[in-house]
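Thanks for coming. Please have the sequence and the model open.

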Amino acid sequence: MGLLSDPNRRRALINLLTRLNAPICVVCYMAGVAWFMGLAFEPFTLRTYMSENAMGSTMVEEQFPAGERALVTGREFAAHKKKADGMPVDWLVKTMQAQGLEVFTQSFSRTLPFPDENKERYFVKGTNVYGILRAPRAPRTEALVLSAPCSPGSSNNQAVGLLLGLAQYFRSQIFWAKDIIFLVNEHDLIGMQAWLEGYHHTNTTGMDWSPLQGRGGSIQAALSLELSSDVITSLDLVLEGLNGQLPNLDLANLFYAFCQKIGVICTIQGKLQRNDWDSVSGYSHAVQTMMLMVMKQASGRPWGDHGLFLRYHIEAASIKGINSFRQYKTDATTVGRLLEGMFRKLNNLLERLHQSYFFYLMPSLSHFVSIGYYMPAFGLIAVILLLRALDLWVQLVTPPSRTEDGIVDTEQQASPGVLSVLTPLVISHLTGVALYTLPIRFQEMAVEHFPVSETEAVVLTAIAIYTAGLALPHNTHRLLTGEGTEQGWRVLKLAAVLYLAVLLGCTALINFSLGFILALTLVPVAAFITPHVPKVLSAFILVILSPACTLLFSVFFFQELLEMPVNFPDGWLLYLSVISQGILDHSLYGSLVYPLIALLVYPCWLLFWNILFWK
Amino acid sequence: MAAYRCSYSAVLLILCICSVSTAIDSEETTLTGAHHVGEVDNTQTATETGEQTTEQPVVEERRWEAIDVEEATPGDSDIDEKDTSAPETIVPLTVPQLKDDFQEELVIRPLHSGDIYASFQFRTLWETDFMKGNKVSHYRLFPKSLGQVISKFSVQELHISFTQGYWRTMQWGQPFLPSPPGAELWVWFQDSVTDVDGMWKELTNVLSGIFCASLNFIDSTNTVQPSASFKPLGISNVTDHRFLRYATLPREIVCTENLTPWKKLLPCGSKAGLAVLLKSEKLFHSSFHSEAVHIRPVCQDLLCKTTSWELRQTLNVVFDLHTSGQGKREWSLFKMFSRTLTEACPLASSSKIYIDITDNPQWEQFELSPATPLLSQALVLGDRRTFSVYDLTQQITFGTVRSLNLLIRWKSNEGDMLRPLLHAERYVAGYGLQTGEIHTLMYNNHPYRSFPVLLLDSVPWYLRLYIHTLTVTSKGKHNKPSYIHYQPSKDRVRPHLLEMLIQLPPNSVTEVTVQFERALLKWTEYTPDPNHGFYVGSSVISSLVPSIAAMDTNSTLERPLFSSFFPCKEESSYFVRIYTEPLLVNLPTPDFSMPYNVICLTCTVVAVGYGSLYNLLTRSFQIEEPSPGLAKRIANVIRKVRGVPPL
């Protein structure tokens, strides 16, 4: 480290960094993107492997015989569901009791902050029914959960049928060492949230639920089953949970291992694995799969009923049966055997799943990218912010070509600098707070004055406040006493750049995908914005790369990845619904993406907008 | 503090009264004919009232017999048994005047859920004195290994149980003998012992060897001295809880290796008598299994002039309808134990099988074959139960095939859920690895009577209880415990001990909550499987529960009018101890591959960071003179030669 102790060489290094700052930044950005794209390339990724020894060798023999009977039960369930027009509570209780389970129910109700137009619900009232298979070998200390949603319409009847069939079969086995909870939840995630909050006796979202009567100790793992047809072609594994949390990779490995063993076609993100990794189409397929995972994770919403378990440190995944037009079909017995195998392996667990990775991306079901491989991509982009900060710091400390009286000048300029930094910081954060609180608060007023529905009112208010924030620089300067100085914007930018670096770094640690997408769009803006660039063009670029527009592009990109491209009007409607869903996710399940964007990212972006219009 | 003492003595008083009052309820009547139920009841009540008067004077002396009944050994007071129809089965009215005596019995109770509950009890009585350095060397029925333990460690009372599974009170009702999951050990030492802790430590190690169990893991961090919950069950003058030690090991797994030494303590081993049924492959193919050993001094006769030592070995097992019974509501000895009975233990003075037929007076629920003419009644856990009795000492019991295979076949398929008067559950609330909350729920299902319960919680030190957050609520209102004994934990030395006397209002749920913080252990203190979690033992709830028989106000039909006006004091309440489920709590656990990473990282940091800092701090900076030109250097050399100072 003689490099730093030697003032000459230190100076040389700093000179190099400041002189070549722009090229280095560009190179870092390119390298970051290239690294990220390289993650999907199969030779660069690792094969998945089972880390947990207790689940290692495939010693269990699956014998579930009663798939057909399960489907009959499913049809019975469908008939009773139709008759009851909702959850057939009494029938479920009776059926589960007849199978020798301890059956309990939980009722819950929840008024949404504004109507959910996607699922057409506002006041939600329902009942969860769950039966506990008591393990003969354990004193109610550990449990596993198998859940199936009681969905409106005719979907997921087969899932409930199979759940009941498995319950009956599991009940006659002696080897269970963990209680198994068979849960049929109503109103999908809201019911699941009520049940989990009831089970753990917490209340984070202000929902009304009746306390649970029976429990099975600490839940070790959970599987959520979604099945809407008698036969399926493939099973899809869904991992992304609330706030981008993922279950331990061993759970995915377990699913993959049993699919291989039993011979069921399995997919992730609905994408089949391809073997031609060396061809362009094979690579782009892997990229698509990985990008789908990145987009879903970045959204921070639970993508299946399992998503809410992760908050309670319960490893959980959803398994969805997909029936497409392929020839090869799998019947319910085989799916039942697969679940039986997975549960028997989970039953063998001695400890919680902890051996394998919690942070990963999956370009295919058999390959994964661990945190050690994907973090450099983010790091390369985030280092740009540090380089710019260094550059600004050097500029601030050593004013270029000044004589002795230059020192006096700096002191004079620095004192208004503090205020000029603080004012925009405070004002932009107040705008963020407004963006966070006002849309829901003012929905009634908006509905009274404008011909819109409540949901539209909330979304449009949010967009209006977001846009109003763009007028901020002018308002800020009215408050400021003096003129903005050269030093002033530098100090402000230094603060903003460091703020962004910390913000993105923390986000990427918790939810890599969200952090990376934000870094991809915000870092170029942060790096090159000054008051001296062409105003109109830069303003346009700045708006294009703002968080809201990023979301808009993401919506289109996501549809493209799903191979369901939309035209602009549809995309716009989708965009509006995504915003409303984001706000709902926050208030219903405690998703953190909306507050993060509104309270931190958007104010940070406003600071750069402020710098552009610095006078 | 005085108030607490008052209520404390009140508790003791209540416990005392209870045990005395239950004494009188242990009479039994045996009658012919399973179908003469009306007659049975009439005669029974008549004898009951008669016997009450005769037994009043000896209430004090019969106290320990009474506790037997509390613990629900229905056939325990066989000595009083009267037989009107079968004169050949008369049992002597007094205890045989042998030095030692062995009795065995099996109680089978078909449960409403379709499961079946079998409870074995083996009792060895020995009129001897282990105390005061009395050297006992000749053993007959009493196992020598335990006798030596009693005399060496000056044990007053010893209770040990090993349990697998959890007793499901809601489905099965109360067990005859409750036990918590895992291992439980509680011992009263004699008041002559000076170093109780040292004795306790040695005793656990010895017992660990005798029962092949990990009792040696009992140390000061999981041992408590309950002040009120565990009182001596035998005759004793020691009530100072300094001589009591109580510990549970909720993680202990019970297996055949514990059963084999337990069976070896029996006089007949598993060679003859009821013990031939104890085959481990069947016993452990069940949903509940519990084996226990209880040693205590009891009165030898009614006047209690001499004491004898009682060794009671019990084994409770519940077979599951769906796993063991293949879903068919049909049970036989062979189906349960894969053995039938051919003889009683030749050393046993009494050997009987009782089948609980209370809910089945007209044989409409299930049928029993072979039928038996013997009936017996007993007050079990506050409820009057009727039993069919099979006496194995009589050859006629085994019939012509010379083997007894009891068969219980259910006729109806449904059974209503039981509604026990008192049950409890416990769970950990909250999420995250920093704090949590322990919730204990106690249900009083009695329609109109409230009763007090003693709650004992022993929580390991690594869950740091915030005792100021302790709340007790019933029916939404704060319920102030009348007695609280709390001993805070000491890190790595002793656990928290919390004992409370709480009044449970009728028909209510009482919730006790207390918050805790999860401690970060030292890295050597973690178990080999830290991600499994750490166990917190069951809470113990001891209570005097109002009797079901006394609660039954509609049963005037079965009673003569003179007996039913005032609620019967003797039957008014009975003692029950229930255990909640143990808890599994996750503590913040480091990644144990971390030490390697830490070593690598620290080495790098030290090498790079500290090295350069050290370099900066210790290097002396000097202003380097520009080196002189060549001409000057030559001139200097010349000047040096000349002896002139250089330029």
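Which hand does the crossing of H8(A) and H10(A) have? It is right-handed. Before going further, please note that this is a predicted model.

Let me stay with that pair. H8 covers residues 249-262 of chain A, and H10 covers residues 332-347 of the chain. Their axes come within 10 Å and cross at roughly 135°. An angle over 145 degrees would count as roughly antiparallel, and H8(A) and H10(A) are therefore oblique to each other. On the H8(A) side the contact is made by A:Leu251, A:Leu254, A:Phe255, A:Phe258, A:Cys259 and A:Ile262. H10(A) brings A:Thr334, A:Arg337, A:Leu338, A:Gly341, A:Met342, A:Lys345 and A:Leu346. By class, that contact of H8(A) with H10(A) has nine nonpolar, two polar and two charged residues.

Next, the transmembrane regions. An unreviewed UniProt entry places this feature at residues 20-41, 371-394, 414-436, 496-529, 536-558 and 592-614 of chain A. Take two of these spans. Residues 496-529 of chain A are 94% helix and 0% strand, with end C-alpha atoms 11 Å apart. Residues 536-558 of chain A are 91% helix and 0% strand, and there the end C-alpha atoms lie 30 Å apart.

What is the arrangement of helices H16 and H17 of chain A? H16 is residues 486-510 and H17 is residues 512-528, and their axes come within 8 Å, crossing at roughly 165°. The two helices are therefore roughly antiparallel to each other. H16(A) passes H17(A) in a left-handed crossing. Among the contact residues are A:Val497, A:Leu500 and A:Leu504 in H16(A), and A:Leu518, A:Leu522 and A:Phe528 in H17(A). The contact of H16(A) with H17(A) counts 14 nonpolar, two polar and one charged residues.

A further pair in chain A is H18, residues 535-544, and H21, residues 593-612. The axes of H18 and H21 of chain A come within 11 Å and cross at roughly 175°. That makes H18(A) roughly antiparallel to H21(A). H18(A) contributes A:Lys535, A:Ser538, A:Ala539, A:Leu542 and A:Val543, and H21(A) contributes A:Trp605, A:Phe608, A:Trp609 and A:Leu612. Seven residues of the contact of H18(A) with H21(A) are nonpolar, one is polar and one is charged.

Now two single residues. Is A:Ser366 buried or exposed? A:Ser366 counts as buried, at 0% relative accessibility. A:Ser366 sits in the loop between strand S11 (360-364) and strand S12 (367-370) of chain A. Beyond neighbours within four places in sequence, A:Ser366 is in contact with A:Leu46, A:Arg47, A:Thr48, A:Tyr256 and A:Gln273.

A:Val578 is in helix H20 of chain A, residues 568-589. A:Val578 is partly exposed, with a relative accessible area of 31%. Not counting residues up to four places away in sequence, A:Val578 touches A:Leu551 and A:Val555. A:Val459 is 119 residues from A:Val578 in sequence, and their C-alpha atoms are 9.4 Å apart.

Technical notes:
Residues are numbered from 1 along each chain as its sequence is written. Chains are lettered from A and ligands numbered from 1 in the order in which they are written. This is a predicted model: local features need pLDDT of at least 70, side-chain atom pairs count only at pLDDT 80 or more; totals for chains, interfaces and linings use all residues. Side-chain values use heavy atoms; hydrogens and water are left out. UniProt positions are given in the numbering used here, feature names are shortened, and annotations may be inferred rather than shown by experiment. Helices (H or I, at least four residues) and strands (E, at least two) are DSSP runs, numbered from the N terminus. Axes are lines fitted to C-alpha atoms, for helices over the stretch in contact, and angles run from 0 to 180 degrees between N-to-C directions. Angles under 35 degrees count as roughly parallel, over 145 as roughly antiparallel, 65 to 115 as roughly perpendicular and the rest as oblique. A crossing is left-handed if the near helix is turned anticlockwise from the far one by less than a right angle, and right-handed if clockwise. Contact means heavy atoms within 4.5 Å. Ala, Val, Leu, Ile, Met, Phe, Trp, Tyr, Cys and Pro count as nonpolar, Asp, Glu, Lys and Arg as charged, and the others, Gly among them, as polar. Buried means under 20% relative accessible area, exposed over 50%, partly exposed in between (1.4 Å probe, protein chains only).
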